[in-house]
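Q: Walk me through this structure, feature by feature. Give me the general idea, then the case at hand.

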Amino acid sequence: MPELTVIMPVYNGEKHLEEAINSVLNQTYTNFTLLVLNDNSSDSTPDILNRYKEQDHRVHVVTKTENQGPANLRNEGIKLAKTDLIALLDADDIALPTRFEKQINFLKSNPDVGVCGTWFTIFGDKKEKVLKHAVDHEALKIQFLNSCGIGNPTVMFRKSVLGDLQFEHQYVPAEDYGLWSQLISRTKFHNIPESLLRYRWHPGNISQTKKENLKKSEILIRKRQLIHLGIDENDTHIDSYLHAVSLKRKLPINDIKQVIKAAKTLEKLNLKHKHYHQELFKAHIDKILIRTIRNAESYNMAFFNYLKKESGYFSKMPIIDKMVIFFKSLF
């Protein structure tokens, strides 16, 4: 019996689909089912899938007659999976040959970890580079306050840890950020510090075609995480709390003062709730606030004196930042 199900949604993916499927079938670990969910494609995707299904018994295909979207397709794939271990891959990406082997070995050796990702290499229309997210669980929890700390097409997870959580269609194309940011409070996460996937960047990426919804969704997802610190998403100071954990450039002076006040409140709340590792949490906020001050909308001497005498951040800033802010405040 297979012990892993690989879920791959696809919509009109003829250009890169074969390369993605081949990267799965050529893995060093072979005991899996590849479940491809065809989202009512109108190109040659069905023909490609039929050919692979006939050639390899590990390939299973579900064909939709109406477009469902990637979030709903992944949810369906998870429900259909007969294995506890599930791996995700998009139809335009490439899993490197040892990806499954290394992730399965890690999960078997670490039964307390429910979600395992890897670093990955961006290629295509962008300059090729390795994206290195945080590795350990506590650092990842804090990274999620600002952005998704795990590459969705690199993920392997235990179905049993999901409970009632699932990908939410309303957050597309940030549905992965929405799910993992909730699940990380229920189980441990880990990123293998090695690039085991090639992530193809092109104009057709859903993150490029739905940019406005991406921005709105990310804000909603960040708000939802602050609940763990006792902050209601309808709090009148919610924007200040958000800007204390996620950089907002060109803030006016008075707004920055409110963000500094909010940051101090968040540190106190975390001491009470103990949701984040306090030293890592404080270091993250310090980094965000220094960058916020560095990118202020404007400066004046009153603000410079406030930073120096009252903010608590002046002593933490590099000397070059202090000098630049001083001269900008003069003029």
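Q: How many helices and strands does the chain have?
A: The chain has 13 helices and nine strands. Helices (H or I, at least four residues) and strands (E, at least two) are DSSP runs, numbered from the N terminus. This is a predicted model: local features need pLDDT of at least 70, side-chain atom pairs count only at pLDDT 80 or more, and totals for chains, interfaces and linings use all residues. Residues are numbered from 1 along each chain as its sequence is written, and side-chain values use heavy atoms, with hydrogens and water left out.

Q: What does the C-alpha trace span along its principal axes?
A: About 75 × 40 × 35 Å.

Q: What percentage of the residues count as buried?
A: Start with the cut-offs. Buried means under 20% relative accessible area, exposed over 50%, partly exposed in between (1.4 Å probe, protein chains only). Of the 331 residues of the chain, 53% count as buried.

Q: How do I read contacts by sequence separation? What share join residues at least 24 apart?
A: A contact means heavy atoms within 4.5 Å. Take the contacts between residues at least 6 apart in sequence: 77% of them join residues at least 24 apart.

Q: Now a single helix. Which residues of H12 are buried?
A: First the general idea. An α-helix has 3.6 residues a turn, so residues three or four places apart point the same way. In H12 (residues 301-311), the buried residues are Phe303, Phe304, Tyr306, Leu307 and Ser311. Seen down the axis of H12, they fall within an arc of 160°, so they line one face of the helix. That arc is taken from the directions from the helix axis to the C-beta atoms.

Q: Which residues are exposed on the other side of H12?
A: Ala302, Lys308 and Lys309.

Q: What covers the buried residues of H12?
A: The cover includes helix H10 (253-273), helix H11 (278-294) and helix H13 (319-330).

Q: What caps the N-terminal end of H12?
A: Asn300 does: one of its side-chain oxygens lies 3.2 Å from the backbone nitrogen of Ala302. Just after H12, Gly312 takes a positive phi of about 85°.

Q: Which backbone angles deserve a look elsewhere?
A: Most residues other than glycine have a negative phi, and most peptide bonds are trans. Asn40 has a positive phi, near 60°. Asn40 lies in the loop between strand S2 (32-38) and helix H2 (45-55), and is partly exposed at 34% relative accessible area. Lys250 also has a positive phi, near 60°. Lys250 sits in the loop between helix H9 (238-245) and H10, and counts as exposed at 56% relative accessibility.

Q: Where is the cis peptide bond?
A: The cis bond joins Val172 and Pro173, with omega about 15°. Pro173 is found in the loop between strand S8 (156-158) and helix H6 (175-183).

Q: Now charges. How many salt bridges are there?
A: Side chains of opposite charge can pair when their charged atoms come close. The rule used: a side-chain nitrogen of Lys or Arg within 4 Å of a carboxyl oxygen of Asp or Glu. By this rule the count is 16 salt bridges.

Q: Which partners does Asp286 meet?
A: Among them is Lys282, at 3.6 Å, N to O. Lys282 and Asp286 are four residues apart in helix H11, so about one helical turn separates them. Lys316 also meets Asp286, at 3.3 Å, N to O. Lys316 lies in the loop between H12 and H13 and Asp286 in helix H11, so this pair ties together parts that are 30 residues apart in sequence. Asp286 is buried at 13% relative accessibility. Lys282 is partly exposed at 32%, and Lys316 is partly exposed at 34%.

Q: Which residue pairs with Arg224?
A: Glu168, at 3.2 Å, N to O. The pair links distant parts of the chain: Arg224 is in helix H8 (residues 211-225) and Glu168 in the loop between S8 and H6, 56 residues apart. Elsewhere, Arg74, Asp90 and Glu175 are linked in a network of salt bridges.

Note on methods
A polar contact is a pair of N or O atoms within 3.5 Å; within protein, one must be able to donate a hydrogen and the other to accept it, and residues adjacent in sequence count only if both atoms are side-chain atoms.
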